[in-house]
Amino acid sequence: LTHTDSKLKIRANLSEFPNDGIEVRVEPRRLVISGKREDRREQADGDQHSSETNSEILRLVDLPVEIVADKASAALYNGQLEVILPKSSVEQQRPALELVA
């Protein structure tokens, strides 16, 4: 998770999951990443055997600021997910507090 004054950027390694098995959802203060993978193996040693394994991922990321969910974007490049989340203008206008010693 990295951030600037106007946006949050989140990266995740999802190289073990196919592109069509990944879902990204955003809420004002949360990012949800889910994925599913099915492996099917066939063995041809005289006897016909097959095996299936399923893997799933679910990550809930509570965000440190409110974001504009309908302006968020996500891209997947070589198994690396990158999600760009624009910060809400309310969050951008919030001034820093002055510390009193």
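Predicted model: local features only at pLDDT ≥ 70, side-chain atom pairs only at ≥ 80, totals over all residues.
**Confidence and overall make-up**

- The pLDDT of the protein averages 84, and 79% of the residues score at least 70.
- Among the elements of the protein, strand β7 has the highest mean pLDDT, at 95, while helix α1, covering residues 89-93, has the lowest, at 60.
- The protein has 101 residues, of which 26% count as buried, and its accessible surface comes to about 7900 Å², with 44% of that area belonging to carbon and sulfur atoms.
- When contacts between residues at least 6 apart in sequence are considered, 54% of them join residues at least 24 apart.

**The four-stranded sheet**

- Four strands form an open sheet in the order β1-β2-β7-β6, and the pairing between them is antiparallel.
- Strands β1 (2-3) and β6 (73-77) stand at the edges of this sheet, and each has a single partner strand, so one side of each is left without a neighbour in the sheet.
- The pairing of β1 with β2 is antiparallel and rests on two bridges, and within this pairing Thr2 stands opposite Lys9 in β2.
- Strands β2 and β7 also run antiparallel, joined by seven bridges, and here Lys7 stands opposite Pro86 in β7.
- Five bridges hold the antiparallel pairing of β6 and β7, in which Ser73 stands opposite Ile84 in β7 and Tyr77 stands opposite Gln80 in β7.
- Strand β7 is largely enclosed by the rest of the structure, because five of its seven residues are buried.

**The turn between β6 and β7**

- Strands β6 and β7 form a hairpin with two residues between them, and Asn78 is in the turn.
- Asn78 has a phi near 50°, which is a positive value in a residue other than glycine.
- Most residues other than glycine have a negative phi.
- Asn78 has a relative accessible area of 80%, and it therefore counts as exposed, the cut-off for that class being over 50%.

- Leaving aside neighbours within four places in sequence, Thr2 is in contact with Lys7, Leu8 and Lys9.
- Thr2 and Ile84 are 82 residues apart along the chain, and their C-alpha atoms are separated by 9.9 Å.
- Ser6, found in the loop between β1 and β2, is partly exposed, with a relative accessible area of 37%.
- The C-alpha atoms of Ser6 and Leu85 are separated by 8.7 Å, although the two residues are 79 residues apart along the chain.

**The largest nonpolar core**

- The largest nonpolar core has 15 residues, and those touching the most other members are Leu8, Leu14, Leu31, Ile33, Leu63, Leu81 and Leu85.
- At least two residues of this core come from each of the strands β2 (7-13), β4 (30-45) and β7 (80-86).
- In soluble globular proteins, nonpolar side chains tend to be buried together.
- Leu14 touches Ile22, Ile33, Ile57, Gly79 and Leu81, when residues up to four places away in sequence are not counted.

**Arg37 in strand β4**

- Arg37 is found in strand β4, and its side chain reaches the backbone oxygen of Glu16 at 3.4 Å.
- Residues up to four places away in sequence aside, Arg37 touches Glu16, Phe17 and Pro18, along with Thr53, Asn54 and Ser55.

Notes. Residues numbered from 1 in each chain as written. Heavy atoms only, no water. Core = buried A, V, L, I, M, F, W, Y, C linked by side-chain atoms within 4.5 Å. Buried < 20%, exposed > 50% of the residue type's maximum accessible area, 1.4 Å probe, protein only. Contact = heavy atoms within 4.5 Å. Pairing = 2+ DSSP bridges. pLDDT = per-residue confidence, 0-100. Areas by Shrake-Rupley, 256 points an atom, 1.4 Å probe, with all protein chains shown as cover. Polar contact = N/O pair within 3.5 Å; in protein donor to acceptor, adjacent residues only side chain to side chain.
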